[in-house]
Every structure is written in C-alpha cells, then in structure tokens.
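Welcome! Please take a look at the sequence and the 3D structure below, and then we will walk through a few of the features together.

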Amino acid sequence: MVLNWIWIAFFAISFLMAVGKTLVDGDLSVWTDIMNSSFSQASFAFEISLGLTGVLTLWLGIMKIGERGGVIEFFGRLISPLFSRLFPGIPKGHPAMGAIFMNISANMLGLDNAATPMGLRAMQEMQSLNEKKDTATDAMIMFLVLNSSGLCLIPVSIMMYRAQGGAANPTDIFLPILIATAIATLVGLIALCLKQRIRMDRVIWSWLAGIGGVVGAVVWLFSRLPADKMELYSTCAANVILFSVIIAFIAAGIRKKVNVYDTFIEGAKEGFRTAVMIIPYLVAILVAIGMFRASGALDLFTSWVEAGVSALGFDTRWVGALPTMLMKPLSGSGSCAMMLDVMKENGADAFVSRVAAAVRGSTDTTFYILAVYFGSVGVMKTRYAAGYALLADITGAIAAVVVAYFFFG
C-alpha cells in the first residue's frame, strides 16, 4: 500500500510541477522533457531486465546445482540459530534459509551481480511458504529491509569511480562507508524486530557482535594496506570467493552424483522466466522516477533544503550531495550519475564529493529492490516493507554525512 501511494505521488508531483512551470515561467518544454524521460526510462527498464537475463540465467543455474548438491541446505543449517529467530515463519532446514544467507553474503562482498539472483531465489523459496500469494510475509519484509540497508564490507565500485575521477586516495572513503552502512543495517534490523515482535535474545546479540567483529577486522586489515593496493586486493578477494563458491557448488553436485549440466540448464530456465517477469515492475517504478526528476521537483526540493539549512545557521557544504541522497532509494544508476556529477563539478577530493560517495555506499537501492524482488514472485501488497526500508535509507544517509564530517570535515 505504501509503495502504491509513493508511485502515485511521483506522477502527481511531476504533473503539478509541469503545470506550475508552464503557468509561472512560461516553460512549455517541460512537458516534452517529462514525456521523453518516460520513454527513455521505459527503454532503460527493459535494458536492465535484458542485462539481468544472462546473470540470472547463470546464477540460478549455479544455485540449482548447489541446491541439488546439498550446499544450500548446509548453509541453512549453519545460520539456523540466527535466521530461525529473524525469520520465524521459515521452517528450519528450508532451502530459503541457505538462499538468504548466500544473498546477504554476496551483498557484504559487494557482488551485486551475484547477490540479485540469489535474492530472487530466496524470494521464490519464501513465496512457496506464503499462503496469501499477493501479500508480503514478515519473512519477506525482513529480507527486503536487510537488503535495502545494504551492509557492504568492500565498496569496490565506489572506490573505482573515485580513482577514475582523479582522487588522490580513492580508498579514503572506505571506512566512512563501512561505518554508515553498518549503522543503517543495525537500525533497520532492530526497528523491524520491534515491529514484528521478535525478541532480541542472546543469540541475536551474539551474532550481531560477531558481525561487528568481522567489520572491525576488515577495518583493521584494510587500514594496514597501502592505499594503492586496497582496491586491487579487495577486488581480487571478492572474485576469488565468488569463483570458489561456483567450484564448491559443482563439486557438491558431483559428490551427490548429480548431472550438473542438466541441473544447471533447469535452473537457468527459471532465471530466464524470472527476468521476463520483472519487466513490468521495473518499467513502473523507473518511469515514475524519471518523470519526477525531469519535472524539476528534485532540484526544487534540494534548493529548499539548502535555504533551510542556511537559515538555521548550519554548514551547507553537504547539501550538494542531497540529489545523490534522494536518488539513492529510487535508482542505483541515477544516484551513481548524481555522485559522478558532483565529483565532476567539484573535484573527486572535495568534501561534498566525499559526502556523496559515502551516501552512495551507505545503503542499497530500495525501490529497485522492492520492484524486482516482489515483482519476481507477483507480490502486490508489500505492507510496511517500504516504510522500514526507507528508515534504513534515511539512517544510512544521515550517518554518512555525520561520519564524513568526522573524517573529512
């Protein structure tokens, strides 16, 4: 329901902005800009789905081998003490547990192309337990919020963009991003536990402490690496782990005497069907976002915030990163474009550019995740998923700004 009203609001605000520009400024081109944006965004949504087709085909095929080889079940048992509490609606040993673990692990390593197919697999497994097929379950909402909060240990892509932008030390944003995304994940998780009446017992706190220890170890390890080697080593580590997963799945299939090739083809067919299914959902959300941006509503809001911050006597240097902050929940490519635009206009090492990079890496793309994951299983009633995912987004954005001031301000 929340997503329904947000979607309507995009169109309504865009229309009112266009009417205002026409009547007040005499700007007739805004209507052309809005409609051109709708066409280009619809085409872009299809291109994304087309691009995902190959990735989904590959990884859902690999996941099917892992499932038949018992690897997914193994991971499910491994994290059962934690996930049985966070996802009480999923039976112990169910394949959904292993798929959720694989998705979250891939996200933490910054492996977006691998994380999405694993996440879609997890949604399909949870949908098999769903009695109301058009309505999100508590487990689905917990999974979506954990994805939206986007805990990432190695933000390789952002460090790469900073290097391309000419930053003196492209990796200096690593620690601020890690801290901001950890805060966003913790707040989103605790808030949803309270909403779903999940008791935060000793097991949950122990796992959170363990994750905190992993984050601390990563911070310690990378702080000791030479700046020019951090990106190289982090990229290598992520890809070694990813390829090792593929080999492990195939080896497990061979051990179980599974015909791995036929099993891969079976899973790959599911990937193709899933890619086709999500096209309407992506078109719906990306067209609305594009029209909202083309109408000038985003720029107007940014100017209001800057004026308000200035009137209150606060530092306004971070406001230049606000478009990145606002676009982040709406579009991954859009927020990336906003971040790159800030870097281009101000220089990669400017304070506002570092803020934009920290914001870009603090959380994931909420509405894209909602559209793709819920759309892949035909869930229309998302209940409170959008609200709590946006809570994680807002927390991550605020934390990114605060941490950026601490490190660079």
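Is Ile-13 buried, partly exposed or exposed? At 38% relative accessibility, Ile-13 counts as partly exposed, since buried means under 20% relative accessible area, exposed over 50%, and partly exposed in between (1.4 Å probe, protein chains only). This is a predicted model, where local features need pLDDT of at least 70, side-chain atom pairs count only at pLDDT 80 or more, and totals for chains, interfaces and linings use all residues. Residues are numbered from 1 along each chain as its sequence is written, and side-chain values use heavy atoms, with hydrogens and water left out.

Ile-13 sits in helix α1 (residues 2-25); helices here are DSSP runs (H or I, at least four residues), numbered from the N terminus. From Ile-13 to Val-145 there are 132 residues in sequence and 26 Å in space, C-alpha to C-alpha.

Ile-179, in turn, belongs to helix α9.

| Residue | Relative accessibility |
|---|---|
| Ile-13 | 38% |
| Ile-179 | 34% |

Helices α9 (174-195) and α19 (385-408) each supply at least two residues of the patch.

Lastly, the axes of α13 (residues 279-294) and α18 (residues 366-376) come within 8 Å and cross at roughly 160°. That makes α13 roughly antiparallel to α18, a term for angles over 145 degrees.

Conventions: Axes fitted to C-alpha atoms, helices over the stretch in contact; angles between N-to-C directions. Parallel < 35°, antiparallel > 145°, perpendicular 65-115°, else oblique.
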